[in-house]
Amino acid sequence: MVSIQKSNEIRYLHYLLVFTFLLSAASELASQNSTKMMVRARCTETEKQALLDIKRSLVDTNGRLSSWGNSHDDENCCQWSGVGCDLHTGHVTHLNISYLNYFDQDHPRSQSISNISHSLIYLRNLQYLDLSCNIFSIPVPSFIGSLTNLVHLDLSGADFQGAIPDEIGNLSKLNHLDLSSNSFGSSPIPKFIASFSSLTYLDLSDNQFSGALPDQLSNLSKLHYLDLSYNMLQGRIPNSFGVMIGITYLNLSANHLKGVLPNSLYYLSKLRTVDFSHNNLTGNLQDLLYLLPRATLQKLWISENQLTGSLPDITRFPFLKELKVDSNQLNGYLPKVFEHKSVLQSLELSHNNLQGSLPNFTRFSFLENLDLSGNKFSGSLPDFTGCTSLKNLLLGGNKFTTWETQSIGKLANLHQLNLSRNSINSTISEYHLCKLYNIKLMDASFNSITFNMSSEWLPPCNLQELFLASCHLGPLFPKWIQNQTDIIGLDFSNTQILDTIPLWFWDMSTRMQRLDLSSNKIKGSFSSIPLSIEEIDLSSNNFEGQVPPIPPQSSKIDLSHNKFSGNLLPMSKVEGTTLSFLDLSHNSLFEWIGQNLTQLYALILKSNHFYGSMPYDLCHLSNLRFLDLSKNSISGNVPQCFSNLTAMIENTTGITDHYYTATYGINFRQAIFSYFDDAFAGWKGKERECGTIGDKKTFCSEGQIYAFLTTFIADIEGDYLIQFHNSAWATRILAVSVMMHPVHEQQNLNRLNHIMKLPKRTLFRAIAYVMNCI
């Protein structure tokens, strides 16, 4: 028995060795055959020369074609980058020459490609052609239409210009066509595109196509992907679109489409993504949702239209992940209860007219983004227990009145919380915020929320932006922020703080870019502003002492309505500052030194203790458009060097909203701030401010102006002031303060007229405007 068993084992090992040998031999033979096939797959000389001609006609800034014909060892063009060949015949079938001279913000724009070699037509077997992401700046070459074997053509983002040649209509085998992001002019979508019956993918977005949506597109019955966004298409969505029953992606956003959606959309049962945003579509949201397939719909974007109605129970769409219906005309209420668990990740309903109380969102465990801002929701903040994925909770600009739930404070993944501009009148403690480990932005501004935090509590997060304007934080400066060393933007304005700024605050502010502590009663002095500050507003407090030096990165500083005193010597020591707005009004300053502030746009020194003649340093501020020296003790004539203030003369009309930007906050976004040209008139210590009063503009006849001046000259004792910030006529003098004495009244008017090169009539109108004559 033992010998038989050993004999069987030997026989088994023999068979195994034979099988392994045969398998190895077969594998080697297959490898040799494959190698021979690859060796045979050499491109033809004609196609090789055609490729070299194409290379010579292109601008390859990025070196994508560096492997083409560089050495004798690399004569097989099938091995070149971006080239693919048929394994049997060696004919070139694939050609990808994208990103040759593509640029971005980190790389300056390179030379455009002014030509594509006609030798492209010798690649007669070409099936795949990609010329995307280049800078051609020429029309699409008509000879591309001779490549009739093409099934894939990508010309996207290539800066082709002019009309698409009709010859492209010869490419009847195409199943993928991408012509997006070019400049084809304001012309209709070419009719021949509807003849590509094999198309499954069509992208014509981000061009300038105009006119109506062609009915003929319904001929593309095999289409799965259609993107016509960012054009100038008009009219209604054709009812014939319902024939494209295989479509899964439909994007018609950013056009001028209008009207109610056709009922035929009901037959598009495979739709997954729909984007109709940025149009003028009308109708009821509930009716629209009825048309779309519940079983497949994943994303619906229909922002910035004119839809009405309310939101139905969207949990009936089992696969819906994103719903964006912001900036429409929705009204009514949200469902009282969401009945089913949902996979929804983003719900945006902001800037509508929805009202009532909010339901609980406990069934939305996948929800990451909830934006209901800018509506009329009221009552208490709802329960968010179970929303463990929530990152952005935006409820600002509503009418909520109470914050009772502590569920918000348990959203450990929350990044942004915005409750600003509501009517919340509640007292919250650390238990309302205790588990916000990842929050970066919190905005509860313009509510009546009282923050009653334990003196020992410190937040478990690293905030970047904290905006609590008009909440109740005082009377002491809140200690609970002292561990927030990553703060970039902080707004504690009008928060009833009566304290001094603690030393630890300046230590934690090394990264701060925007700081607003205005409209409190904070007292004390400080010797410096953090170097990182771009905007600071400490106005309407009780600060005293000397004005601190200006950080070189600052663009706006408002220290008005305080008790600062002395001269502005510290400011003269700053070189290279970008400061554009400086308000030091209503303090006790007496000497201006600031000739280095050459970027100043607006300078307000009103109601200080400046005296004597106008400082000549002002003449160095060539960018100045606003200047307010009123309610000081300045005397004498307007300096002749005021003619250097050339920025005050502009050939534009009307009251202007001036914008300036500041970069700060999460992801270093840019915020845009603005201020209006205003006009002031100060007479005998009285101030009158005028600008746009409703829709009313102010005008006076020259006779009324003379009468007005005569009355005041006869009555006045001492100096009087005419100051204006906006003439609102042919020439805008955005800011000029003129201290005039009755004896020199006409002299100063003539001097001003000469220096600023104003027509006499314009000057009279400006004076009339600031006098608010109606």
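Here are some questions and answers about this predicted model.

Residues are numbered from 1 along each chain as its sequence is written, and side-chain values use heavy atoms, with hydrogens and water left out. As the model is a prediction, local features need pLDDT of at least 70 and side-chain atom pairs count only at pLDDT 80 or more, while totals for chains, interfaces and linings use all residues.

Q: How many disulfides does the structure hold, and in what pattern?
A: A disulfide here is a pair of cysteine sulfur atoms within 2.5 Å. The structure holds 3 of them. Counting bonded cysteines along the chain, the pattern is 1-2, 3-4, 5-6.

Q: Which parts does the disulfide of Cys43 and Cys77 tie together, and how many residues apart are they in sequence?
A: The sulfur atoms of Cys43 and Cys77 sit 1.9 Å apart. Cys43 is in the loop between α1 (2–40) and α2 (45–57), and Cys77 is in the loop between α2 and β1 (83–85), so the bond ties together parts that are 34 residues apart in sequence. Helices (H or I, at least four residues) and strands (E, at least two) are DSSP runs, numbered from the N terminus. So the answer is those two loops, 34 residues apart.

Q: Is the disulfide of Cys78 and Cys85 left-handed or right-handed?
A: The sulfur atoms of Cys78 and Cys85 are 2.1 Å apart, and both residues are buried. The torsion about their S-S bond is about -100°, so this disulfide is left-handed.

Q: What about the link of Cys619 and Cys641: left-handed or right-handed?
A: Here the S to S distance is 1.7 Å. With 50° about the S-S bond, the link of Cys619 and Cys641 is right-handed.

Q: Where do Cys619 and Cys641 lie?
A: Both ends are buried: Cys619 has a relative accessible area of 7%, and Cys641 has 19%. The pair ties together parts that are 22 residues apart in sequence, because Cys619 lies in the loop between β37 (611–612) and β38 (626–628), and Cys641 in the loop between β39 (633–634) and β40 (649–650).

Q: Is Cys434 buried or partly exposed?
A: Take Cys133 as a reference: its relative accessible area is 13%, so Cys133 is buried. Cys434 comes in at 25%, so the label for Cys434 is partly exposed.

Q: Which residues does His152 touch, leaving out those up to four places away in sequence?
A: His152 is in strand β4 (residues 152–154). At 15% relative accessibility, this histidine counts as buried. Contact means heavy atoms within 4.5 Å, and on that basis His152 touches Gln127, Tyr128, Leu129, Leu174 and His176.

Q: Which residue in β31 stands opposite Lys523?
A: β29 and β31 (residues 542–545) run parallel and are joined by 2 bridges. Along that pairing, Gly524 stands opposite Phe543. For Lys523, the residue opposite is Asn542.

Q: Which residue in β33 stands opposite Gly545?
A: β31 and β33 (residues 563–567) pair in the parallel sense over 2 bridges. In β33, the residue opposite Gly545 is Phe564.

Q: Which residue in β19 stands opposite Gln355?
A: There's an open sheet of 3 strands with the order β17-β19-β21 and parallel pairing. Its edge strands are β17 (355–356) and β21 (399–402). β17 is joined to β19 (residues 376–380) by 2 bridges, and the residue opposite Gln355 is Lys376.

Q: Is Ile245 buried or partly exposed?
A: Ile245 is in the loop between β9 (232–235) and β10 (249–251). Its relative accessibility is 49%, so Ile245 counts as partly exposed.

Terms used:
Buried means under 20% relative accessible area, exposed over 50%, partly exposed in between (1.4 Å probe, protein chains only). Two strands pair if DSSP finds at least two bridges between them.
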